[in-house]
Amino acid sequence: MDGKPGDPDGLEVAARELERGGVSLVVGTALDFAGVIRSKAVPTRRLRSFAETGMGASPSWVVFCVDNGIAFTPAIGVVGDLRLRLDVRALRVIGDGMAWAPTSYHEQDGTRSALCARGRLIGVERRAVGAGLAALMGVELEFTIVAPDGSRLDQGAWAAYGMRSVVARRAFLVDLARTLEDAGVGAEQIHAEYGTDQFEVSLAPLPPVAMADTAILARVLIGLVADRHGVAVSFSPLPFAGGSGNGMHLHLSLARDGHNLFATGSGPYGITAEGGAAIAGVLDALPALLPVYAGSVVSSLRLKPGSWSGAAACWGLENREAALRFLAATSGNPHGANIELKIVDPSANLYLAAIGLLGSALDGIERALPLPAEVSGDPAQTAESARLRLGAEPSAALDRLASSPLAAALFGPDIVAGAVAVRRHELTTLGDVDPEAVTDALRLAWS
Ligand SMILES: NC(=O)CC[C@H](N)C(=O)O
C-alpha cells in the first residue's frame with residue numbers, strides 16, 4: 001500500500017482506498033510468548049491511528065498462556081500500558097472485508113518496548129547486516145485439519161502424502177492456494193503430509209522479520225479458509241496422542257558478499273569456516289534455547305526419536321532425525337545451501353525462535369567455533385544418543401534458558417523471564433496430565 005508511517009495524508013488516503021475496495025476491518029496481530037496469535041482490530045477509518053498512536057494493550061499481553069491464564073513476572077504486571085502499532089508497510093488485504101498487518105509493542109512515549117519480540121528480531125537482523133551478512137529464512141507450516149470442535153474428521157480417505165488425501169480436501173486446498181496467492185504470501189508447496197489430515201504449506205525464503213510476519217499471515221489465512229469450509233486447523237505440536245507431530249521447521253542461509261557460507265568453502269559439502277562456526281553456534285545454544293523453539297507442554301511429546309522432529313542435538317546432511325538438517329547446494333535445491341532447524345514447532349513465538357536461530361549462528365561466527373562432527377546415521381543409534389537427546393526434561397530446559405547468558409543477551413532479561421514464566425505455567429497446570437488429556441486440551445490452542 002502507498003501510505004507510509006510519517007506520511008499522515010498517505011495513510012488517510014490509503015484508508016479511503018481500502019474502504020473503497022471493500023475493507024471494513026483492519027486487524028493487527030501480535031504473538032505472545034506462548035506462541036498464540038493475539039489481535040486488535042479497528043474500523044478501516046482508524047488505520048492512521050493504529051499505525052501512529054497504536055492501540056492500547058496491557059504488558060500482560062506478552063505473557064498470556066495457552067489456557068488464557070496470565071504468567072505475571074516481577075517486570076510484567078497489571079499496571080502499565082503498551083501501544084500496539086501497526087506496521088502498514090506489511091499490510092495485506094486478506095478477503096472477507098479485512099486487511100491484516102503485523103504489530104510491534106511500543107511504550108507510550110513512542111520508544112519500542114523491551115518486551116517486543118518483533119522489535120528484538122529487527123535488531124538482530126540489523127546486527128547481521130552490520131556484520132556484512134545477508135540472512136534469509138524460510139519456514140514450513142505443518143497443521144492438521146480437524147472438525148470445528150477439535151475432534152478427528154472422517155479418516156477413511158487418508159493416505160500419507162497421498163493423492164487421495166488431496167482429492168478428499170481439494171475444495172479447502174484450492175481455496176487456500178488462491179487465498180495465499182491473492183495475499184502475496186508466496187507459498188512454495190501445499191501438500192499432504194504423513195499424519196492423518198496433516199498438510200504443510202512451505203514459504204519462500206525472506207529476510208527474518210518478513211519471514212516471521214508472512215508466516216503469521218499464512219497461519220491466519222489457513223484458519224480463515226478452514227473456517228470457510230466448515231473445518232478447523234490444529235497447529236498443536238502434537239494434536240493427537242500417538243499421532244504425527246506438527247513442526248514449524250526454520251531454514252537459514254547466510255551469505256557474505258554474495259557467497260553462501262554453507263557452499264563456497266573448503267569444508268564438507270563446501271561449508272566455509274564461518275558457516276561451520278554458525279552451525280556450531282546454533283548447536284551449542286540448543287540446550288538453553290530449546291524452550292524458545294519447542295517449549296510447550298505438548299512439544300516434549302512431539303520431540304521423540306523416530307518422528308522426524310529432529311530430537312537430537314547434532315547436524316547431518318539431509319538427516320531428518322538431527323535437530324539441524326543440512327541441505328547442500330545441488331541443482332535440486334534452488335534456494336542454495338542452508339540449515340534447517342527441525343525442532344521448532346508451531347507453539348513457538350516465531351520472532352523469538354528466529355532470534356534464537358540467527359542470533360546463535362552469529363554468536364558462533366563471532367566466537368569462530370569449529371564445525372562439530374557430523375552425525376550421518378540415525379542419532380538414536382549412536383553411542384552418545386542419550387547426550388544428544390532433546391526434549392526429555394522440560395523443567396531443566398527452562399532452568400537452562402533462565403540462566404543462559406546468551407539468551408539474556410539475545411532477548412533481554414524481561415523477555416527471558418516472561419518466556420520462562422508462560423512455559424512454567426503450562427508445566428504447573430498441565431505437566432502431570434496424561435498425553436490424551438493434554439493433547440485434547442491444547443488441540444486448538446494455537447489456531
Ligand atoms: N516431513 C517431515 O519432516 C515431518 C516432520 C514432522 N511432522 C515434525 O514433527 O516435525
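**A guided look at a predicted model**

Visitor: In which loop does Ser404 lie?
Guide: This is a predicted model, in which local features need pLDDT of at least 70 and side-chain atom pairs count only at pLDDT 80 or more, while totals for chains, interfaces and linings use all residues. Residues are numbered from 1 along each chain as its sequence is written, and side-chain values use heavy atoms, with hydrogens and water left out. Helices (H or I, at least four residues) and strands (E, at least two) are DSSP runs numbered from the N terminus. On that numbering, Ser404 is in the loop between helix H11 (394-402) and helix H12 (405-411).

Visitor: Does Ser404 count as buried or exposed?
Guide: The terms rest on relative accessible area, found with a 1.4 Å probe on protein chains only: buried is under 20%, exposed is over 50%, and partly exposed is in between. Because the relative accessibility of Ser404 is 10%, Ser404 counts as buried.

Visitor: Which backbone nitrogen does the side chain of Ser404 reach at 2.9 Å?
Guide: A polar contact is a pair of N or O atoms within 3.5 Å; within protein, one must be able to donate a hydrogen and the other to accept it, and residues adjacent in sequence count only if both atoms are side-chain atoms. A polar atom of the Ser404 side chain lies 3.3 Å from the backbone nitrogen of Leu406. At 2.9 Å, the side chain of Ser404 reaches the backbone nitrogen of Ala407.

Visitor: Which elements are included in what covers the buried residues of H3?
Guide: The residues of H3 that are buried are Ala117, Arg118, Gly119, Leu121, Ile122, Val124 and Ala128. They are covered by elements that include strand E6 (98-106), E7, helix H6 (208-228), helix H9 (350-366) and helix H13 (413-430).

Visitor: Which residue takes a positive phi just after H3?
Guide: The place to look is just after H3, where a phi of about 80° is found. The residue with this positive value is Gly132.

Visitor: Which side chain is joined to that of Arg443 by a polar contact of 2.5 Å?
Guide: Arg443 is found in the segment after helix H14 (435-442), and because its relative accessibility is 8%, Arg443 counts as buried. A polar atom of the Arg443 side chain lies 2.9 Å from the backbone oxygen of Gly150. The polar contact of 2.5 Å, in turn, joins the side chain of Arg443 to that of Asp440.

Visitor: Which residues does Arg443 touch, not counting residues up to four places away in sequence?
Guide: Contact here means heavy atoms within 4.5 Å. With residues up to four places away in sequence set aside, Arg443 touches Val146, Gly150, Ser151, Ser234, Phe235, Ser236, Pro239 and Phe240.

Visitor: What separation is there between the C-alpha atoms of Gly28 and Thr103?
Guide: Gly28 belongs to strand E1, which covers residues 25-31, and Gly28 counts as buried because its relative accessible area is 1%. Not counting residues up to four places away in sequence, Gly28 touches Arg38, Ser39, Lys40, Phe50, Leu86, Ala101 and Thr103. Gly28 and Thr103 are 75 residues apart along the chain, yet their C-alpha atoms are separated by 5.7 Å.

Visitor: Is Asp257 buried or exposed?
Guide: Asp257 lies in the loop between E11 and strand E12 (259-260), and it has a positive phi of about 50° although it is not a glycine. Because its relative accessibility is 68%, Asp257 counts as exposed.

Visitor: What is the relative accessible area of Glu318?
Guide: The place of Glu318 is in the loop between strand E13 (312-317) and E14. Glu318 is not a glycine, although it has a positive phi of about 50°. Glu318 is partly exposed, because its relative accessible area is 38%.
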